[in-house]
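Here is a short briefing to read alongside the sequence and coordinates. Have a look at the structure first, and then we can walk through the fold, the cores and the surface together.

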Amino acid sequence: MSEKVLHVGDTDFDATVLQSSEPVLVDFWAPWCGPCKAIGPIVEQLADQYDGRAKVVKVDVQEHPGLGVRYNIRSIPMLMMFKDGQIHSTQLGAPPNIKTLLTQMIDKAI
């Protein structure tokens, strides 16, 4: 597991994501979600690849349901790119080309 991936919850989401000077990719997931587990290594690779240019954050919606409600997460995995405290783009699910899609999301936000 990459130490570059930050795990945040209700108490530190705003400071880590919304107040970040860097763009932030947020992976809303849960431990029981198969597709979430499948894309986990890709999310970790992106955290290493974009270290210093963008943050990568994971939010366990089972442990932090308030954040799921706040961002209207109805299905997971849901990935959101935040820039300047606002949602810049989103990706629902785990299609076969997920790494390409997430790379494009991050590149557009940088």
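For the charge count below, Lys and Arg are taken as positive and Asp and Glu as negative, while His and the chain ends are left out. By that count, the chain carries 10 positive and 13 negative side chains, and the centres of the two sets are 6 Å apart. Please keep in mind that this is a predicted model.

**Fold and dimensions**
- You will find 4 helices and 5 strands in the chain.
- Following the sequence, their order is β-α-β-α-β-α-β-β-α.
- The radius of gyration is 12 Å, close to the 13 Å that the globule rule gives for 110 residues, so the chain is as compact as a globular protein of that length.
- The C-alpha trace spans about 30 × 30 × 25 Å along its principal axes.
- Of the contacts between residues at least 6 apart in sequence, 71% join residues at least 24 apart.

**Nonpolar cores**
- The largest nonpolar core has 20 residues, and F13, V26, F28, V59, Y71 and F82 have the most contacts inside it.
- At least two residues of this core come from each of α1 (13–18), β2 (24–29), β3 (55–60) and β4 (78–83), with β2 giving the most, 4 residues.
- Leaving aside residues up to four places away in sequence, F28 touches F13, V59, V61, L67, Y71, I73, I76, P77, M78 and M80.
- Another core, of 17 residues, lies apart from this one and includes V5, V43, Y50 and L79.

**Burial and surface**
- Buried residues account for 49% of the 110 in the chain.
- The chain exposes about 5,700 Å², and carbon and sulfur atoms supply 51% of that area.

Note on methods:
Residues numbered from 1 in each chain as written. Predicted model: local features only at pLDDT ≥ 70, side-chain atom pairs only at ≥ 80, totals over all residues. Heavy atoms only, no water. Core = buried A, V, L, I, M, F, W, Y, C linked by side-chain atoms within 4.5 Å. Buried < 20%, exposed > 50% of the residue type's maximum accessible area, 1.4 Å probe, protein only. Contact = heavy atoms within 4.5 Å. Rg over C-alpha atoms; globule rule 2.2 N^0.38 Å. Areas by Shrake-Rupley, 256 points an atom, 1.4 Å probe, with all protein chains shown as cover. Charge placed at Lys NZ, Arg CZ, Asp CG, Glu CD.
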